[in-house]
Structure formats: C-alpha cells, structure tokens
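Please keep the sequence and the structure in view while reading.

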Amino acid sequence: MSGTVLVGGGSGFVGTHLTKALSSKNYGVKIVSRMPGPRNVSWHEIGARGLPENTVAVVNLAGKCGLLSACKPYFISLYLGQNVMDFKRRWTAGFKQNVFSSRINTTASLAKAINNSLKKPKVYISMSGVGAYKPDPEAEYTECSNIRQFDFFSKLVIEWEKAAALDSAAKNQCRVVAIRSGVVLGRDGGMIKQLYLPFILGLGGPVGNGAQFMPWIHIADLVDLIIFCIENNQVEGVLNGVAPQVCSNKQFSNTKLFYRLLRKH
C-alpha cells in the first residue's frame, strides 16, 4: 500500500514514533495539529476541506489514552491533547469535560471527514484504552469481552469508540479499527518519562500493595500494530494493544525490570 496516512495528534509521543516509521516505509504523512508545520494541517482545514488527496489511512492519536481504569487510582496514563499525568491537577468537573470533549470531538471530526470524502481511505484507526474493562483480579479480558459503563473512564472509552463509527456507505469501503491500548512505555515519553527521575534517584517503587494490574505495551510494538492494521485488509474491529504478559504494579516497579525497559529501543 502506498499513499498518504493522515495522523490526528501526530506530533505527540506515539505520533512522533509512528510518523517516523511510516516515512521509512515510503508513506506520505500528514499530521492534524493545532501547531503549524510543513506536514501539518489544522482541524479546521479538515472540517472545511476534507481529507488530503490520496489519503489511504486515517489514524487518530489525538487524546490517546492508555491505562485508565485498569490500575485506577494508582496509575493514570498520559492522554495526548489533555495531559492527565499531571498528578498536581485537580479532577474538577471542568477538567473531566475537557478530557471527554477533546477525545470525542477529534474522533467524530475525522469520521465525518471520511463520510464526506468521495474517495474513502482503506482504514480508520482510532485509539482508546483498556479502561473499558472493569478491574478484576480474576477476570481475563479479550477483544470479545462485553463492556459496560461503570465509571468515568469506561464511559469515555465507550463514547470514544462510538464517535469513530462511519455511515453505512463509508463502512462498505473503509475498515474501522479500535485499538484499546495499555500504558505506552518508551524511553523518550509517556509514563516512563514521568517515572525516570524517581527511579534513578532510588525513590521509585510500588504503590500500596502493588497488586493492581498494569496492562502495558512498548512504543515500538504499538507502532508495529498500527502499521499492521493499515496494511492488512482483514483487520477490523477491536484490538487490545497490550503485552501478552500479565504485569502487576509491584512487578513493573522491580528495579531490574524497569531498567530493562529503559534500555529497550
């Protein structure tokens, strides 16, 4: 497949890695961003003019969430667009509304642009999070597990994925993939960047008894997963973007494991 991949929120942690990988595979890349840049288009332009010419895939990372409820209240992952990893930030009603609206609105805007386009892209990939699944020490969740609203984060994921729905005409031409990501780990961003200094200073460790699960995925694996979805026509529906190993907060906080993750490229 060749052509242009439109990436919403492509200037953040995940987006930077993804756009670099796409360019190395000779895709054209356009980034939807509020910031100016040689490859950037604004959200207003997408709404007014539609998709760029020869768009073969649309990926929305704007407002991407990671861990969410799966480890709440111990870890809350980084959202691109509205940063909720600032532990000093109070979760007021207004802040929650900003978190909610920024994700729903960007996802719906790209879905509308696809619906209105004469030539549809092959795939629309949206990112949400494993906060769709209620924390349970005994349950094992798969992509086929039923989800229901039980807190703010589960409601967010449900509405987020609904916002990516296409109309009947577009669905016949464009696959829709929803990746429910765990917390994204990498040396240069996300949660690792927030935890690096405390661990280096010997202050890092588990929170509470450390028994809470922490679904995670390395940035390189997430990028490969997104590109796999772009290039394989059989892929559609929900995918859980997490490592196969079950990891607790206590296991993750093990110093040797943490350093191995830091050394992984």
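## Nonpolar cores and parallel strands

The largest nonpolar core contains 31 residues, and Val5, Leu18, Leu22, Ile125, Ile179, Ile226 and Ile230 have the most contacts inside it. A nonpolar core is a set of buried Ala, Val, Leu, Ile, Met, Phe, Trp, Tyr and Cys residues joined through side-chain atoms within 4.5 Å; buried means under 20% relative accessible area, with a 1.4 Å probe and protein chains only. In soluble globular proteins, nonpolar side chains tend to be buried together.

The model is predicted: local features need pLDDT of at least 70, side-chain atom pairs count only at pLDDT 80 or more, and totals for chains, interfaces and linings use all residues. Residues are numbered from 1 along each chain as its sequence is written, and side-chain values use heavy atoms, without hydrogens and water.

Helices (H or I, at least four residues) and strands (E, at least two) are DSSP runs, numbered from the N terminus. Ile226 touches Leu18, Val59, Leu61, Ile125, Met127 and Ile179 (heavy atoms within 4.5 Å), not counting residues up to four places away in sequence. Apart from this core lies another, of 15 residues, including Leu6 and Cys174.

Two strands pair if DSSP finds at least two bridges between them.

| Strands | Bridges | Facing residues |
|---|---|---|
| S1 (residues 4–8) and S2 (residues 28–32) | five | Val7 and Ile31 |
| S2 and S3 (residues 40–41) | two | Val32 and Val41 |

Conventions:
Buried means under 20% relative accessible area, exposed over 50%, partly exposed in between (1.4 Å probe, protein chains only).
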